[in-house]
Amino acid sequence: MLALRISIYALCLLGCACASVPHARSVPPSKTIARRPEELRRYRIDPAASSITATASAMLGRYEFRFARFGGTIEWAPREIERSRLSLQVDMTSVSGTVGMVTKIVRSEDFLHVERYPSASFTSADLSDDGDGKGRVRGVLSLRGVSRSIEVPGSFGFAGGRLRI
């Protein structure tokens with residue numbers, strides 16, 4: 001608040017000084033340059049060119065899973081990444097893994113309970129850039145009827161006409 005008061009005070013002094021100088025004139029509002037926020041570019045997530053994977057560790061090893069059906073959108077502002085947004089919906093019944101018995105357990109009531117909770121969603125609240133294409137995505141994950149705020153590391157990039165998060 002103090003910085004704001006100092007800035008307003010400085011502008012008032014500058015305005016008074018310009019008014020007292022005969023050759024000084026103010027710039028009409030129509031000619032002032034205001035920086036507009038970067039326009040968000042909207043992308044649809046293409047499941048054919050994308051993947052959602054999960055890893056589970058157990059005593060007997062590490063297991064990889066994929067979700068075959070999902071969709072969503074990304075609103076992207078490359079120069080103002082903090083304004084970008086991600087929305088994702090996942091069909092939990094489409095989960096599959098490399099070991100059939102483990103996939104069956106993951107789909108069961110003890111884990112994802114896909115019969116009762118067939119979908120999950122994630123909506124970002126904030127993306128942040130840590131530099132070198134790395135960053136964090138914060139948002140709300142809704143899974144098994146429970147919604148929680150989470151933060152996950154991510155990498156961001158745009159190459160070959162494709163946005164990669």
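**Close-up views of the predicted model**

**View 1. Arginine 62 and its salt bridge to glutamate 64.** Arginine 62 counts as exposed, because its relative accessibility is 60%. The model shown here and in the other views is predicted. The side chain of arginine 62 meets that of glutamate 64 in a salt bridge, with 3.9 Å from N to O. Glutamate 64 has a relative accessibility of 38% and therefore counts as partly exposed: the cut-off for exposed is over 50%, and that for buried is under 20%. A search of the whole structure finds eight salt bridges. Side chains of opposite charge can pair when their charged atoms come close.

**View 2. The hairpin of β2 and β3.** Strand β2 covers residues 52-58 and strand β3 covers residues 61-67. The two strands run antiparallel and are joined by seven bridges. Two residues lie between β2 and β3 in this hairpin. Alanine 56 has tyrosine 63 of β3 opposite it. Strands of a sheet pair through backbone hydrogen bonds, either parallel or antiparallel.

**View 3. The open sheet of six strands.** The order of strands in this sheet is β1-β4-β5-β7-β8-β9, and their pairing is antiparallel. At the edges are β1 (41-44) and β9 (146-155), each of which pairs on one side only. From one strand to the next, the twist averages 20°. In a regular strand the side chains alternate between the two faces of the sheet. For orientation in the whole protein chain, there are two helices and eleven strands. Counted from the N terminus, these elements follow the order α-β-β-β-β-β-β-α-β-β-β-β-β. Of the 165 residues in the protein chain, 22% are buried.

**View 4. The pairing of β1 with β4.** Four bridges hold β1 to strand β4 (residues 70-76), and the two run antiparallel. Opposite arginine 41 stands tryptophan 76 of β4. Glutamate 75 is also found in strand β4. Between glutamate 75 and arginine 44 the C-alpha to C-alpha distance is 8.9 Å, while their separation in sequence is 31 residues.

**View 5. The salt bridge between arginine 42 and glutamate 75.** The closest N and O atoms of arginine 42 and glutamate 75 are 2.9 Å apart, and the two residues form a salt bridge. This pair links distant parts of the chain, since arginine 42 is in strand β1 and glutamate 75 is in strand β4, 33 residues apart. Arginine 42 has a relative accessible area of 58% and is therefore exposed. Glutamate 75 is partly exposed, with a relative accessible area of 25%.

View 6. Arginine 136 and glutamate 151 form a salt bridge in which the closest N and O atoms are 3.4 Å apart. Distant parts of the chain are linked by this pair: arginine 136 lies in strand β8 (residues 134-143) and glutamate 151 in strand β9, 15 residues apart. Both partners fall in the partly exposed class, arginine 136 with a relative accessible area of 27% and glutamate 151 with a relative accessibility of 44%. A network of salt bridges links Arg136 and Glu151 with Asp126, Asp130 and Arg138.

View 7. Val102, Thr103 and Val106 are the buried residues of α2. These three cover an arc of only 100° around the axis, so they lie on the same side of α2. On the face of α2 turned away from that buried side are the exposed residues Gly100, Met101 and Lys104. An α-helix has 3.6 residues a turn, so residues three or four places apart point the same way.

View 8. Methionine 101 belongs to helix α2, which covers residues 100-107. With a relative accessible area of 56%, methionine 101 is exposed.

Technical notes
Residues are numbered from 1 along each chain as its sequence is written. This is a predicted model: local features need pLDDT of at least 70, side-chain atom pairs count only at pLDDT 80 or more; totals for chains, interfaces and linings use all residues. Side-chain values use heavy atoms; hydrogens and water are left out. Buried means under 20% relative accessible area, exposed over 50%, partly exposed in between (1.4 Å probe, protein chains only). Two strands pair if DSSP finds at least two bridges between them. Axes are lines fitted to C-alpha atoms, for helices over the stretch in contact, and angles run from 0 to 180 degrees between N-to-C directions. The arc is that of the directions from the helix axis to the C-beta atoms. A salt bridge is a side-chain nitrogen of Lys or Arg within 4 Å of a carboxyl oxygen of Asp or Glu.
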